Amino acid sequence: MTSRKNHLVFDTKIGGTKPVTVVDKGHKCPFCYRDELEGIIAEDGPILLIANKYPVLRDTFPTVLIETDDCASELSLYPRDHLYRVIRFGIKNWLDMIEGGEFASVLFFKNHGPSSGGSIRHPHMQIIGLRHLDYTANISPASLEGIVISRDGGVELAIADKPLVGFVELNIKLADLGHLDRLADFLQICAHYFLHHYNCDCNSYNIFFYHINGQITAKIMPRFVTSPIYVGYAIPQLSSRIPDVAADLKRIYGL
């Protein structure tokens, strides 16, 4: 029998009951009705961390970080004070879960848009404790490096030249937690770039956070239909536009 130690089991019965608002299916947004939310773990004003009501992944502890009470907003639109609060809150709770020692590893990521793999439009992130699986074994260190675009305030922004999935991926390395706000600035710049300047058809992105060998890195990538070359053969492709993307980011955002 094939080992499943590197696989998560998705419970389709639970998955079939989840509301979907990332595209209009007539469901009400569960995060807009705050007085009905249960399982609140932590909060900072409008920012909440709650237990996920739909634990579709077995052998995990899934939580949802609700970023704002404005359902129509998005990370690239946040005023700086709110942006910083969201990222500080998320990093703190992610690191607390890691340092608790209960899990083999802890995922921290964000879906935005209909091609991102998410089901709810309301701005949110997810922090998921994996009881038996260490995600870091699947991450090539080279995929978190790249051609440096900017270094500022202890934070480095680079474009991956050995991407994890393929095409264009931006990596943001954090030197220490004292520079967390600059990490947030770079995340907002990258999200805005992908939604408004990268491609006229781009309406989705993902952010993934990694904590590997004491180093925190955030990877942000635009999302489209995934290449069959990657789906079928796990071969990432490198975009010929990498120099253009780097130049655009420097020109548009003064990096």
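In this predicted model, the axes of helix 3 and helix 5 cross at roughly 105° and come within 11 Å of each other. The two helices are therefore roughly perpendicular, since angles of 65 to 115 degrees fall in that class. On the helix 3 side, the contact is made by I189, H192, Y193, H197 and Y198, which meet V245, D248, L249, I252 and Y253 in helix 5.

Helix 5 itself comprises twelve residues, 242-253. At 1.5 Å a residue, these should span 16 Å, and the end C-alpha atoms are 17 Å apart, which agrees. Within helix 5, the residues I242, V245, A246, D248 and L249 are buried. They cover an arc of only 160° around the axis, which puts them on the same side of helix 5. The spacing of such a pattern follows from helical geometry: an α-helix has 3.6 residues a turn, so residues three or four places apart point the same way. The opposite face, turned away from the buried side, carries the exposed residues P243 and R251.

Just after helix 5, G254 takes a positive phi of about 65°.

Helix 3 also packs against helix 2 (residues 80-99), at an angle of about 110° and with the axes 9 Å apart. That makes helix 2 roughly perpendicular to helix 3. The crossing of these two helices is right-handed. Here R80, L83, Y84, I87, R88 and I91 of helix 2 meet L180, D181, L183, A184, D185, L187 and Q188 of helix 3.

Most residues other than glycine have a negative phi. N213, however, has a positive phi of about 55° although it is not a glycine. N213 lies in the loop between strand 9 (205-212) and strand 10 (215-222), and is exposed, with a relative accessible area of 81%. A234, likewise not a glycine, has a positive phi of about 55°. A234 is placed in the loop between helix 4 (228-233) and helix 5. With a relative accessible area of 52%, A234 is exposed, because the cut-off for that class is over 50%.

Note on methods: Residues are numbered from 1 along each chain as its sequence is written. This is a predicted model: local features need pLDDT of at least 70, side-chain atom pairs count only at pLDDT 80 or more; totals for chains, interfaces and linings use all residues. Side-chain values use heavy atoms; hydrogens and water are left out. Helices (H or I, at least four residues) and strands (E, at least two) are DSSP runs, numbered from the N terminus. The expected span of a helix is 1.5 Å times one less than its number of residues. Buried means under 20% relative accessible area, exposed over 50%, partly exposed in between (1.4 Å probe, protein chains only). The arc is that of the directions from the helix axis to the C-beta atoms. Axes are lines fitted to C-alpha atoms, for helices over the stretch in contact, and angles run from 0 to 180 degrees between N-to-C directions. Angles under 35 degrees count as roughly parallel, over 145 as roughly antiparallel, 65 to 115 as roughly perpendicular and the rest as oblique. A crossing is left-handed if the near helix is turned anticlockwise from the far one by less than a right angle, and right-handed if clockwise. Contact means heavy atoms within 4.5 Å.
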